[in-house]
Amino acid sequence: MDKKDYEEAVKFYRSLAGKEIENEKILNGTFIGPRSKVKEDKLEISDIINPSRPFLSKDVGEQSDSAYASTFRLGHFNMPEQLASTGQGTSFVGGMEFGTKLVKQKIIKSLDDLITFLADYKIGIVDIFGEKEEKEEKTMDIRVYECIECADLPNVGKPICFFEAGVITGVFTELTKKDVTAKELRCWTSGYSFCQFDVKIKDQKK
Ligand SMILES: [Zn+2]
């Protein structure tokens with residue numbers, strides 16, 4: 001993804017996200033976006049395949065990108081359904097180990113590398129939306145657009161990108177050598193058109 005497309009994508013999704021956050025509600029402590037189609041139950045295969053990702057598909061064409069993202073998602077079916085509902089921890093830890101390895105094996109050496117890597121492999125478009133430092137803790141608002149895991153999925157009332165949260169945790173832990181937590185606050189599956197991770201970084205307790 002070239003710089004111009006990246007900047008265009010960030011501008012487009014920031015504006016969309018702003019509108020969606022204005023129209024959100026909070027249900028049992030969870031942010032719920034304005035996307036109305038709520039499925040209480042599990043996702044069907046037809047919900048999962050053929051997402052549309054206008055920016056990540058630019059260089060390869062809509063159809064190829066959609067098939068690529070579908071194939072990635074169909075890979076989840078190697079886990080029994082029973083496990084899938086309790087497998088969130090597994091997904092998170094898997095992502096964390098993967099993120100840690102990306103840094104240890106010097107594939108990712110900086111935040112910019114993380115953005116490039118995730119865009120190159122079409123996992124998502126990372127936007128460092130905000131950061132602030134308070135007492136000994138740094139908080140970052142990291143958004144992911146056109147996420148390979150959840151883009152275009154229906155609103156099921158809760159976020160589902162545990163793998164991505166794990167990758168972010170692993171990469172930041174290894175880059176900073178500090179205690180890092182990443183929690184997904186908003187997601188396609190909670191009614192938005194983006195994912196948002198609340199990342200907290202603090203000094204390790206001695
Ligand atoms: Zn998500």
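Which residue's side chain meets Arg 53 in a salt bridge? It's Asp 65, and the N to O distance is 2.9 Å. A salt bridge here is a side-chain nitrogen of Lys or Arg within 4 Å of a carboxyl oxygen of Asp or Glu.

Before I go on, some housekeeping. This is a predicted model, where local features need pLDDT of at least 70 and side-chain atom pairs count only at pLDDT 80 or more, while totals for chains, interfaces and linings use all residues. Residues are numbered from 1 along each chain as its sequence is written, and side-chain values use heavy atoms, with hydrogens and water left out.

Okay, back to salt bridges. Searching the whole structure turns up 14 of them. In the one I opened with, Asp 65 sits in helix α3 and Arg 53 in the loop between α2 (45-48) and α3, so the pair ties together parts that are 12 residues apart in sequence. Helices (H or I, at least four residues) and strands (E, at least two) are DSSP runs, numbered from the N terminus. Asp 65 is buried at 1% relative accessible area, and Arg 53 is buried at 1% too. For those words, buried means under 20% relative accessible area, exposed over 50%, and partly exposed in between, with a 1.4 Å probe and protein chains only.

Next one: Asp 59 bridges to Lys 122, with the closest N and O atoms 2.8 Å apart. Asp 59 is in the loop between α2 and α3, and Lys 122 is in the loop between α6 (111-120) and β3 (125-134), so this pair ties together parts 63 residues apart in sequence. Asp 59 counts as exposed at 56% relative accessibility, whereas Lys 122 is buried at 11%. There's also a network of salt bridges linking Lys 4, Asp 5, Glu 8 and Lys 58.

Now the metal. Which residues coordinate the zinc ion? Cys 150, Cys 161, Cys 187 and Cys 195 do it through SG, and Glu 184 through OE, at 2.3 to 2.8 Å. Donors are N, O and S atoms within 2.8 Å of the metal (3.2 Å for Na, K and Ca), and water is not among the atoms, so sites may look incomplete. Along the sequence, the donor spacing reads C-x10-C-x22-E-x2-C-x7-C. Cys 150 and Cys 161 both lie in the loop between β4 (137-145) and α7 (162-176), so the pair ties together parts 11 residues apart. Cys 150 counts as buried at 0% relative accessibility, and Cys 161 counts as buried at 1%.

Of its 15 lining residues, the closest to the centre are Pro 159, Phe 162, Lys 183, Glu 184 and Leu 185. Strand β5 gives the largest share of that lining, four residues. On a 1 Å grid over the protein atoms alone, a pocket is an open set of points with protein on both sides within 12 Å along at least five of seven lines; a cavity is a set where a 1.4 Å probe fits but cannot get out, and lining residues have an atom within 4 Å of a point. Grid points are joined across faces, edges and corners, and a volume is the space filled by probe spheres set on the points.

Last, the largest cavity is about 40 Å³. Its lining is Leu 118, Ile 123, Val 144, Glu 164, Val 167 and Ile 168, and α7 supplies the largest share, three residues.
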